[in-house]
Amino acid sequence: MANLLEQLLNALALAGLLFLVSAGLSLVFGILRVVNFAHGVFYMLGAYLGFTTVALTGWFWPALFVVPPVVGVLGAVLEASTLRFIYGRQPIYQLLLTFGIALILEESIRVLYGPTAKGVEPPALLQGAIDLGGLLYPRYRLFLVALGCTVGVAVWLFMKATRAGLVIRAVAQNHEMADCLGANVARVRTLVFGAACALAGLGGVAAAPMTTAYLGMGIGVIVDAFVVVVIGGLGSIVGSMAGSLIVGAAQTWGAFYLPETAMVIMYAVMGVILVFRPWGLLGEEE
Amino acid sequence: MRRRRFLEISVATLAAPTFLRRAWAQGPIKIGMPTALSGSYAQYGIQAKRAADLFAKDVKAKGILGRPVEFIFEDTAGDPATAVRKAQKLVEKDGVKFLTGVALSSEALAVSAKCPEWKVLFMSTINGAGALTAKSFHRYFFRVNTSGPMGARAISLYLAESPMKRFFALGSDYAWGRDSAASFTQQITAAKKDVVGSDYPPVGTKDFASYIAKIRQSRAEGVYLALPGQDATIYMKQAHQFGLNREVKPIMEILELENMKAVGDAMVGAIGSSRYPFTVDTPKNRDFVKRFHELHGVYPDMFDGETYEGLEWLAQVIAKAGTDDVEKVIDAWEDSTYDGLEGPFLMRKCDHQAVQPGFAVECVKDPKYPHPIPKILATYPGDKVTPKCRTEEFS
């Protein structure tokens, strides 16, 4: 019983982290129609800035609130100064651009922080393990489960229940029509891109105490995030939640029960879903 | 007056020491370093470069054979195909006769395979794969550093005498991780102890929770870890958060300073082997650590020390050969000895593996240092930790 609970929590904690990264990736694709290769680097940037904030203030909590806006503003500035001018072109231009941004940011971080991984201590409240009926479980992972759920519900409510969410959905559905109806499409795109980067930054801060901040963490996570988005459906927040849960479960349970095939399981699930629903579990058929 | 001036210059030139004129004619001794300076494995390339910087400073005044030494760096980003391309550029365009500083075993295997054709000397100072001095050995390859099997041997010898009886082996899912886990299992079984489970997480695993659960359930007393740099850091962090490190002793194939800096106090208590622990107490090493720290502001990690030793030894061998002709340098190096930072080295003629001391170390806190450091638990003489010639087996 304790074992099953542990497996469940492991899957949920990983899913929480994956959701923070993949939600932004999915949003950017749904609304900007751009596959953002730089998304993982914003996640990494979040982790490193989190390290800096903790090092400067000695506290973890400020990092959680300060870093995402900073990463978001950087993302918005990059969108407004580069990506904005090539929406009309073929997708290869956007791929090249975001890939270039990823390389520049990654190497800048390496120059600034050096090659050594940066450890971040969880806040005192979340350090160590808690006894859940005979199961010792790290408090920090429980926090990740809660954080993933909270952010997921918040983003979903925002999209469904607010006027801004309505405009965003309108732009996603048909940006020309939204433009005619008075929505400022360029501004919506910039803000969505910034918000997506902020989510990635939040994911990075949250990941740092679990994985440390290290070079290459962006590339590692982006592959999983793409799988999540493909499974869940591009542009769908609920799809990202479902996808995160499936990938989280496939990775942790696969590694536990079928270690030799752990790597394959995630892609096998994705393959099956692509065969029956090429637009993803909750995506829109085009 | 013109004729007089001409005569003066001629006489001065003729009177100059002969070696100086020859040195001018021959130009610098070039050492090529195709190494990972960017990407996930940059920490290893940066160590090679730091060692080269210190060595270049040491020989700046005198040079080797009176000739200046020039290092040429190329970034491979840790990719074997790029490493071969960059090495080829160094050999064909820059005319280097010596290649070193290659970061990964996969890169080393690819570059080393080309060296007999290029007729250049490949000096490994980082690469662990046993095959380099066994199955893939050739005349142009030399390994100055401790190999992976030698590291596994040192820690196995230590564990054979420890009270721990049950072990779990966790190796990264590629050649080095699987080889090391297999080698460990073999030697621990030979010591009449049990390996109660093993697993092979993929390279770049960011969540070790499932493996941690399995290790806990196996009721092992120690877990043997052959995980590369970053993976080891993440594992140690997470195992600490799960409270596993108190129950199951972490035993690392390589206990790196980089990991200790990143993991911090959660790493204290981990044991393992070290290719070169900077805490070795020899006069030569104390001097090296001091000068290294003065130049770079950090303490030398394993491959800082190993690369520095390689360069110093290579310089000695070139001086002994009296030339930088590759064939003559190889002949001079075989069966030669060198006074290394951590003790005596011997370059075995049969497989060009440097016989050298092996170490079992423990990660401890010391108020004198800003991060945990390796404390030496046991030192094993070279003949006990070096495998039989051109094999990965021990007698």
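Which residues of the largest nonpolar core touch the most other members? Among its 204 residues they are A:Val28, A:Ala47, A:Val192, B:Val223, B:Tyr224 and B:Leu225, a core being a set of buried Ala, Val, Leu, Ile, Met, Phe, Trp, Tyr and Cys residues joined through C-beta atoms within 7 Å. This is a predicted model, in which local features need pLDDT of at least 70 and side-chain atom pairs count only at pLDDT 80 or more, while totals for chains, interfaces and linings use all residues. Residues are numbered from 1 along each chain as its sequence is written, and chains are lettered from A and ligands numbered from 1 in the order in which they are written.

**Helix pair in chain B**
- Helix α3 (residues 42-58) and helix α13 (residues 283-296) of chain B pack at about 105°, their axes 10 Å apart, where axes are lines fitted to C-alpha atoms over the stretch in contact and angles run from 0 to 180 degrees between N-to-C directions.
- α3(B) and α13(B) are therefore roughly perpendicular, a label covering 65 to 115 degrees.

**Domains of chain B**
- Chain B is divided into domain 1 (11-146 + 281-356) and domain 2 (149-274 + 359-385), with bounds from an automatic or database domain assignment.
- The C-alpha centres of these two domains of chain B lie 29 Å apart.
- Their contact takes 13 residues from domain 1 and 16 residues from domain 2, two residues being in contact if their C-beta atoms, placed from the backbone, lie within 7 Å.

Note on methods. Buried ≥ 20, exposed ≤ 12 C-beta atoms within 10 Å, placed from the backbone. Helix = DSSP H or I, 4+ residues; strand = E, 2+ residues; numbered from the N terminus. Parallel < 35°, antiparallel > 145°, perpendicular 65-115°, else oblique.
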